[in-house]
Amino acid sequence: MTFKKKVIVALDSNNFKQTESLIEKIKEYIFGVKIGYEFFFNFGLDGYKKIQNKKINIFLDLKLHDIPNTIKHGIVAIADLNPYFTTVHISGGDEMLKMAFLNKKKTKILGVTALTSLNNYQVNKYYLRKNVEKLVNDYVIYALENKLDGIVCSPHEIKKVKKLSGNNLLIVTPGIRPSSYKKTDDQKRIMSPAEAISYGADYLVIGRPITMSLDPIKEIININSEIEKN
């Protein structure tokens with residue numbers, strides 16, 4: 001059966017051999033993999049390039065946030081690595097976002113809104129918005145103004161993002177928890193894969209439910225089957 005490839009698997013690991021083995025098992029069933037801090041700081045450019053050699057889409061998720069000139073040069077360096085996606089914090093401001101967009105080459109720039117570990121209290125305290133929805137609403141407008149390719153938001157904000165942006169922003173969504181995953185963790189604003197896709201998400205970022213599964217291929221096939229029903 002042919003599936004729409006919507007899943008990006010987060011490679012949060014300090015064991016490169018296990019990660020390589022996992023990718024070889026699942027790469028035919030997924031859209032790509034996400035490389036974040038844990039992987040990148042453990043294995044660096046050598047590890048990144050070894051994953052890239054497996055001919056799979058890479059989401060390099062370093063969530064850049066700095067002054068515009070630093071972002072300009074950082075994005076130039078990242079673009080030379082040719083990831084499919086990379087991320088910047090929308091809260092870095094207009095000039096920072098413009099520098100990211102202008103220097104991205106083929107890489108798609110995703111703007112980070114509110115991390116899925118944040119709740120309304122934390123958003124009010126640190127971003128001075130009354131709740132997560134208000135923060136995300138504002139940041140979607142800023143992402144559109146600065147011509148970003150997409151946005152990262154929790155599944156609970158997908159409908160609002162879609163309403164505000166139409167088809168002008170890709171929606172990449174972490175905080176996805178299949179029904180088979182029973183553990184609790186630091187993700188607070190979560191949703192099932194099928195719901196997230198039905199609300200308008202373009203890609204789903206899923207880590208632990210797949211990487212910690214005893215049978216990751218079966219888990220992804222089940223997720224893909226669930227998505228196909230929508």
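Lys147 sits in the loop between helix 6 and strand 6 (150-152), where helices (H or I, at least four residues) and strands (E, at least two) are DSSP runs numbered from the N terminus. The model is a predicted one, in which local features need pLDDT of at least 70 and side-chain atom pairs count only at pLDDT 80 or more, while totals for chains, interfaces and linings use all residues. Residues are numbered from 1 along each chain as its sequence is written, and side-chain values use heavy atoms, with hydrogens and water left out.

The backbone at Lys147 deserves a look. Most residues other than glycine have a negative phi. Lys147, although not a glycine, has a positive phi of about 60°. With a relative accessible area of 57%, Lys147 is exposed; buried means under 20% relative accessible area, exposed over 50% and partly exposed in between, for a 1.4 Å probe and protein chains only. Lys63 is not a glycine either, and its phi is positive at about 45°. Lys63 belongs to strand 3 (residues 57-64) and counts as partly exposed because its relative accessibility is 23%.

Phe41, in helix 2 (residues 37-52), counts as exposed at 62% relative accessibility.

Leaving aside residues up to four places away in sequence, Ile51 touches Phe16, Thr19, Ile23, Val33, Ile35, Phe39, Ile56 and Ile58, contact meaning heavy atoms within 4.5 Å.

Helix packing comes next. The axes of helix 3 (residues 68-81) and helix 4 (residues 94-102) come within 8 Å and cross at roughly 20°, which makes helix 3 roughly parallel to helix 4. Axes are lines fitted to C-alpha atoms, for helices over the stretch in contact, and angles run from 0 to 180 degrees between N-to-C directions. Angles under 35 degrees count as roughly parallel, over 145 as roughly antiparallel, 65 to 115 as roughly perpendicular and the rest as oblique. Pro68, Ile71, Lys72 and Ile75 of helix 3 meet Glu95, Met96, Met99 and Ala100 of helix 4. By class, this contact of helix 3 with helix 4 has six nonpolar, no polar and two charged residues; Ala, Val, Leu, Ile, Met, Phe, Trp, Tyr, Cys and Pro count as nonpolar, Asp, Glu, Lys and Arg as charged, and the others, Gly among them, as polar.

For helix 5 (residues 120-127) and helix 6, the axes come within 8 Å and cross at roughly 55°, so helix 5 is oblique to helix 6. Here Asn120, Val123 and Tyr127 in helix 5 meet Val132, Leu135 and Tyr139 in helix 6. The residues of this contact divide into five nonpolar, one polar and no charged.

Helix 1 (residues 16-26) and helix 10 (residues 216-228) pack at an angle of about 45°, with axes 9 Å apart, and helix 1 is therefore oblique to helix 10. Leu22, Lys25 and Ile26 in helix 1 meet Pro216, Ile217 and Ile220 in helix 10.
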